[in-house]
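Work through the exercises below with the sequence and coordinates at hand. Each task is followed by a stepwise solution.

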Amino acid sequence: MLSPEQLQRWQQDGFLVLPGFKPADEVARLRERAIALAQAFEPTPDTGVFSTTQPRKLADAALIASADQVHGFFEEEAFDAAGRLRQAHARSLNKIGHALHDRDPVFSAFSRDPRLAELARDLGVARARLWQSMLIFKPPAIGGEVRWHQDATYLITEPQSVLGLWFALEDATRDNGCLWLQPGGHRGPLRERFGRGPEGLVLERLDDTPWPTLEQSVCAEVEAGALVVFHGLTPHCSAANRSPHSRMAYTLHIADASSAWSDLNWLQRPAGFPARGFD
Ligand code: FE2
């Protein structure tokens, strides 16, 4: 799947941008399915608003329950003072997750693409397990910022083997909040760990290495259909979307079956519903 040059770039940068990875019809089908799922999702008082800038506000119970379900998380600015949605669901949701790839046939087909299995093998994940999927809406005007982080913070394996697969379902630009990634940042330490503690989910600081500046980073402006694949330790972020254009993306996180899935992870699969591979 990958050329020697791409593999070298992967070693060096800790991420790869693959333009046009998914054909337009597949991308359109996933987008339509996402909007249908969004419309069907009804907010309730315990639905949970997703915010990475204020981790304490994460609704622990809603997050934990979403591990094996299709659950919606709204943007902080989606509701008016009376608690009503200001706009249609697809323009109010931050994301839906985290088992789309196992619960929904359209998402399963998109995720279980033999070319992804090949790509994962090329990048050292020989026996992939598909742990987490998210449809990120990044709606116009209110799409929230995602601060600098490493995905291995939220998905803990021993040893670290998590890979993130990020598919642009719409064009991603500086204006609507494209990804920023730090080249070579995967060789740095894991700075934080988010997991189960005695009093609930906690974000723990492990290392004081500062986050990169935008000047030290690459702005991944890509067209719909592109795949950005990145190492679990690669620092990345995205700005708020204050533009009139949404920036939908689908992310899939995989890890190798030979590395242990930590009991500390917020995401645990119940007995009888294990994380499966690409087959
Ligand atoms: Fe991430």
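**Exercise 1: a strand pair and its sheet**

Strand 5 and strand 13 run antiparallel and are joined by two bridges. The model is a predicted one.

Task: Find which residue is the bridge partner of histidine 149 in strand 13, and give the order of the strands in the open sheet of four strands.

Solution. 
1. Histidine 149 has histidine 236 as its bridge partner in strand 13.
2. The open sheet of four strands has the order 5-13-8-11, and its pairing is antiparallel.
3. Strand 5 and strand 11 (218–220) are the edge strands, each pairing on one side only.
4. From one strand to the next, the twist averages 20°.

**Exercise 2: the iron site**

Task: Identify which protein atoms are donors of the iron ion, and state where aspartate 151 and histidine 236 are in the chain.

Solution. 
1. The protein donors are His149 (NE2), Asp151 (OD) and His236 (NE2), at 2.1 to 2.2 Å from the iron ion.
2. Along the chain, these donors follow the spacing H-x1-D-x84-H.
3. Aspartate 151 is in the loop between strand 5 (146–149) and strand 6 (157–158), while histidine 236 is in strand 13 (residues 236–238). The pair is 85 residues apart and links distant parts of the chain.
4. Both aspartate 151 and histidine 236 are buried.

**Exercise 3: helix 2**

Task: Check the span of helix 2 against 1.5 Å a residue, then decide where its buried residues fall around the axis.

Solution. 
1. Glu26, Val27, Leu30, Ala34, Leu37 and Ala38 are buried in helix 2.
2. Viewed down the axis of helix 2, the buried residues fall within an arc of 105°, so they line one face.
3. Ala24, Glu32 and Ala40 are exposed, on the other side of helix 2.

**Exercise 4: nonpolar cores**

Task: Determine how many residues the largest nonpolar core has, and which helix gives the most to it.

Solution. 
1. The largest nonpolar core has 41 residues. Leu135, Phe137, Leu165, Tyr250, Ile254 and Phe278 have the most contacts inside it.
2. Helix 2 (residues 24–40) gives the most to this core, with five residues.
3. Another core lies apart from it and has 17 residues, among them Leu181, Ala220, Ala226 and Cys237.

Methods. Residues are numbered from 1 along each chain as its sequence is written. This is a predicted model: local features need pLDDT of at least 70, side-chain atom pairs count only at pLDDT 80 or more; totals for chains, interfaces and linings use all residues. Side-chain values use heavy atoms; hydrogens and water are left out. A nonpolar core is a set of buried Ala, Val, Leu, Ile, Met, Phe, Trp, Tyr and Cys residues joined through side-chain atoms within 4.5 Å. Buried means under 20% relative accessible area, exposed over 50%, partly exposed in between (1.4 Å probe, protein chains only). The expected span of a helix is 1.5 Å times one less than its number of residues. The arc is that of the directions from the helix axis to the C-beta atoms. Donors are N, O and S atoms within 2.8 Å of the metal (3.2 Å for Na, K and Ca); water is not among the atoms, so sites may look incomplete. Two strands pair if DSSP finds at least two bridges between them. Axes are lines fitted to C-alpha atoms, for helices over the stretch in contact, and angles run from 0 to 180 degrees between N-to-C directions.
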